[in-house]
Amino acid sequence: MELLIEILLELWQLVVVVALLILGYIAGSIAERRHYKSIIRREDGLGDLVVVVAKTLPPMDAAPATTLVRGSVVISVDYFKRFLARLRMVFGGRIHTYESLLDRARREAILRMQEQARDLGASMIFNMRFETSSISKGNKNAVGTVEVLAYGTAVIPRG
Amino acid sequence: MITSTLETVPDKTIREHLGIVQGSTVRAKHIGRDIMAGLKNIVGGELKGYTELLSEARDEAFARMLEQAEAKGANAVINVRFSTSSVTQGASEILAYGSAVIVE
C-alpha cells in the first residue's frame, strides 16, 4: 500500500513536470513569435535612426547637441527551453534556445534606446555599448534570465 | 549637465579635466520572491518588474554620478560607461562612471 502511494506520488511529480514542459513550450513559442513580430515591426519604423559604434561624428552644418540615451530589458526563457538547455549542458555544444533569448533581448534594448532618442528628436546614436548581466534564481550556472542594457550618445541636429 | 559616451562635445572645447566621477547602487533581485517572475520563468518573456527595478537602480547610480560631477564644478560628463556586477548571489551592483570636465 505504501509502495503504491509512493509510486503514485512519483508519477504525479512526473505529470507536473511534463505539464510544465508543455505549457512552457506552447506559451513560450507564442510569446517568442509575438515578440519577434513586434521587434521587426518597430525596427522597420526606426530604421532611419542609425545606431553606430563609431566615436567620431560626421561633419555637420551646425554643431549638434548630444546626450546620453539608454534602453534595457530583462527577459526570461520558458521552462521547456531551459530544460533543453540543461540537456545541452550534459553533451556540450551550441544552445540555440539561449541564442534567440539574447538576440531578442539585445534587439529590444536597442529599440527602447532608439525610441528614447526619437522622442528627443535625435537623428543618430553614436558610440553605442552593450552591457549584459545574468539574473539567475540563486543557482550559479543557470543563465535563464538576462538583463541587456544598450546605451549611447544621441545626436540631435540643431536648427 | 551634458552627458555623453563620446570623448568630446561637438563645437565645444574641454577647458579642464576634473577626474573620474562615479555613482553606484547595490540592489537585491531575489527572483523567487516575485510570483509573476516565477510564472514568467515557466512561460518565458519579459520580466517587467525587473526591467523597472534595474532601470530605477541605474537612474540612481547615474544621478549620484552627476551629483559628484556637480560638486566638482563640472558642466559635462564625457565617456560615460555603465557596468553591472554581481556582489553576491541575488544582488548586483550597478555602476555609472565617466570623466568630469568643464567645456566651453
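Tutor: Gladly. This is a predicted model. Let us start with the rings: over all chains, the count comes to 3 aromatic pairs.

Student: Why is the pair of Tyr25(A) and Phe80(A) called edge-to-face?

Tutor: The ring centres are 4.8 Å apart. Rings pair if their centres lie within 6.5 Å. The planes stand at 70°.

Student: Are Tyr25(A) and Phe80(A) buried, exposed or partly exposed, and why?

Tutor: Buried means under 20% relative accessible area, and exposed means over 50%. Tyr25(A) has 47%. Phe80(A) has 25%. Each value falls in between, so Tyr25(A) and Phe80(A) are partly exposed.

Student: What about Tyr151(A) and Phe82(B): why is that pair edge-to-face?

Tutor: Their ring centres are 4.8 Å apart and their planes stand at 90°. That angle is over 60 degrees, so this pair is edge-to-face.

Student: Why does the pair join two chains?

Tutor: Tyr151(A) lies in strand β4 (residues 145-156) of chain A, while Phe82(B) lies in strand β4 of chain B, so the pair joins two chains.

Student: How do you know whether Tyr151(A) and Phe82(B) are buried or exposed?

Tutor: Tyr151(A) has a relative accessible area of 2%. Phe82(B) has 3%. Buried means under 20%, so Tyr151(A) and Phe82(B) are buried. Ring pairs also link Tyr151(A), Phe62(B) and Phe82(B) into a cluster.

Student: What makes Arg112(A) and Glu46(B) a salt bridge?

Tutor: Their closest N and O atoms are 2.8 Å apart. The cut-off is 4 Å, so the pair qualifies. Across the interface of chain A and chain B there are 4 salt bridges.

Student: How many residues are in contact between chain A and chain B?

Tutor: 41 residues of chain A are in contact with 32 residues of chain B. The area buried between them is about 3,200 Å². Carbon and sulfur atoms give 56% of it.

Student: Last one. Why is Asn79(B) called partly exposed?

Tutor: Its relative accessible area is 22%. Buried needs under 20% and exposed needs over 50%, so Asn79(B) is partly exposed. Asn79(B) is found in strand β4 (residues 76-88) of chain B.

How values were computed
Residues numbered from 1 in each chain as written. Chains lettered and ligands numbered in written order. Predicted model: local features only at pLDDT ≥ 70, side-chain atom pairs only at ≥ 80, totals over all residues. Heavy atoms only, no water. Helix = DSSP H or I, 4+ residues; strand = E, 2+ residues; numbered from the N terminus. Buried < 20%, exposed > 50% of the residue type's maximum accessible area, 1.4 Å probe, protein only. Phe/Tyr/Trp six-rings, centres within 6.5 Å; stacked < 30°, edge-to-face > 60°. Contact = heavy atoms within 4.5 Å. Buried area = accessible area lost by both parts, 1.4 Å probe. Salt bridge = Lys/Arg side-chain N within 4 Å of Asp/Glu carboxyl O.
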